[in-house]
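Thanks for coming. Please look at the screen.

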Amino acid sequence: MTEPVLDVRGVVKAFGDDVVLRGVDLAVGEHQVVALIGSSGSGKSTLLRCTSLLETVDDGQVLLDGEDVTDPRVDADAVRRRLGVVFQAFNLFPHMTVLDNVTLAPVRVHGRSKADAREEALGLLERIGLVDKAGEYPDRLSGGQQQRVAIARALAVRPRVLLLDEITSALDPELVGEVLRVVREVAAQGMTIVMATHEMGFAKQVADTVCFLSDGVVLESGPPEQVLGEPVEARTRQFLSRVIDAGRL
Amino acid sequence: MPAPSELELGRRAFRARRSQRSTLVALGSTLVFFAVAHLVVTRSPGWPRVQATFFSLDVARESFPEILRGLWLNVQVLVVGGLCVLVLGLGIAVLRTLRGPAFAPLRILATGYVDLFRGMPLIITLYLVGFGFPALQLQGLPTSPFVLGTTAIVLTYSAYVAEVFRAGIESVHPSQRAAARSLGLSHRQSMRIVVLPQAVRNVTPALLNDFVALQKDVGLISVLGAIDAVRQAQIIVGQSFNFTPYVVAGLLFVLLAVPSARIADAVAVRARRRQQSGSVL
Ligand SMILES: Nc1ncnc2c1ncn2[C@@H]1O[C@H](COP(=O)(O)OP(=O)(O)O)[C@@H](O)[C@H]1O
Ligand SMILES: [Mg+2]
């Protein structure tokens, strides 16, 4: 494998006495799609937040294109500019139109011209099928549409890696499909993606690697057929059988 | 929309009848109340004297122009002070929400400021600033009661308004800040572009409410000797031994406050509608 785009090395993160990550290793190559799975509270969001420097790590390193971004001398804002992030909910800025949400970072952070950013944003909105909503405010959109716009907004900064944190888990079941369709398309076009998800079926189809997070470490990782189909670890099997019971696989 | 059914037509007719009836009842009872109040007051033994000393049309007519001129000073204090309060209040609120140990001194300072001036009665702040500053006899320090009075009012109101803004900032969901930062916006940009616009929108009704309060409190600069509407009324009362000028000044303040009170209502209604569109409660 060539140098990974994102390389997480022995990352430790604690909240007070609660050690959430105990040395997580995770390498993500160019154009790879990695699915993070694990029970609620296993630290998936924490890992993604450490990667996007929304939390400072307590030990270990995160390398982005070989650069140690956990070094305190690194400008965190400049690092975040190279990442695209979508959260579970409350992504969009309610006081701005869809178009303004998407062009905000390109214009204000990347210094692109308004006309330029607008054109590219409309192109992105076209791709997610929401170009006719460009002038709407987010609260006029369904949850699924909002998440699709959030993905478009993250893509508008042309990120090196797209980090998705359970972006469908706050949605009504019938809205999940349209959001996953967008993710699938973005993945097909070669975007490097790390996504925390509970959608095992989707992970199976789209991910190149599935990582099972448990007890603060990546307990098991590999191709989806292996991790989801023939897990080696007892804990992985346990987790998967619970997920199957819940009808999510 | 399809033509309404019999059932719906019946419901509409009933609602119309009911609202007609309640309007009539409300109107009627209001009229009765005022008629009774009028009778009780005007039949009271002291009424002729009260009418002569508080509601003398002649004195009112005579004092009106000067009191109005005094009110102009209050309006100036209101406009200048109001703007300063907004800026200072917002600044203090932002300081209070700074995170991290590096900002601890600023945060503590801002918190102390709010504690001090929110707890101190406005009248005492007025005395301390209005008589204390000039007593220092420092070169360049203003001595005009207008400037000193405005300063004292700004000090007190900024503390209130800072708390209103802070509540607004904290009402913005934390994910909004995370979303802004993860787009690469700096702390300052996230605050200015994402958090503050939402915060201000959330607290506009509360701010307008404070503005209405400020409108009458600007009358307190009279205690420093500024010739405003209240002071002017006081002077005429002293000369004429008639209290009507106070009533005139009071009514002028009420007139000044009515438009902003209505605007505050309208804004509150709009905010409520935005939050619960369609609900009947
Ligand atoms: N800001 C925080 N302060 C304290 N504890 C936190 C914080 N964020 C997360 N945690 C804790 O870290 C653990 C992992 O949370 P999280 O990363 O959100 O898990 P997941 O996304 O896998 O459900 C949980 O026990 C949670 O309570
Ligand atoms: Mg999570």
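Let me start at ligand 1, where α1(A) gives the most to the shell, with 3 residues. Helices here are DSSP runs of H or I with at least four residues, strands are runs of E with at least two, and both are numbered from the N terminus. β2 (18–28) and α1 (44–51) of chain A each supply at least two residues of that shell.

Before I go on, this is a predicted model, in which local features need pLDDT of at least 70 and side-chain atom pairs count only at pLDDT 80 or more, while totals for chains, interfaces and linings use all residues. Residues are numbered from 1 along each chain as its sequence is written, chains are lettered from A and ligands numbered from 1 in the order in which they are written, and side-chain values use heavy atoms, with hydrogens and water left out.

Back to the ligand. A residue is near a molecule if one of its heavy atoms lies within 4 Å of it. The residues around ligand 1 include F15(A), D18(A), V20(A) and K44(A). By class, the shell has 2 nonpolar, 7 polar and 2 charged residues. Nonpolar means Ala, Val, Leu, Ile, Met, Phe, Trp, Tyr, Cys and Pro; charged means Asp, Glu, Lys and Arg; the others, Gly among them, are polar.

Which atoms of S45(A) come within 2.6 Å of an oxygen atom of ligand 1? An N or O atom in the side chain of S45(A) does. For T46(A), a polar side-chain atom lies 2.5 Å from a ligand oxygen. With G41(A), a backbone N or O atom is 2.7 Å from an oxygen atom of ligand 1. Taken alone, ligand 1 exposes 560 Å², and the protein buries 58% of that; the areas come from the Shrake-Rupley method with a 1.4 Å probe.

Next, cysteines. A disulfide is a pair of cysteine sulfur atoms within 2.5 Å, and the count over all chains is 0. For C211(A), the nearest cysteine sulfur, that of C50(A), is 16 Å away. C211(A) counts as buried, at 2% relative accessibility, where buried is under 20%, exposed over 50% and partly exposed in between (1.4 Å probe, protein chains only).

Last, the loops. R158(A) lies between α5 (143–155) and β7 (161–165) of chain A. Its phi is near 50°, a positive value in a residue other than glycine. R158(A) counts as exposed because its relative accessibility is 54%. H31(A), in the loop between β2 and β3 (33–37) of chain A, also has a positive phi, near 65°.

Definitions and conventions: Polar contact = N/O pair within 3.5 Å; in protein donor to acceptor, adjacent residues only side chain to side chain.
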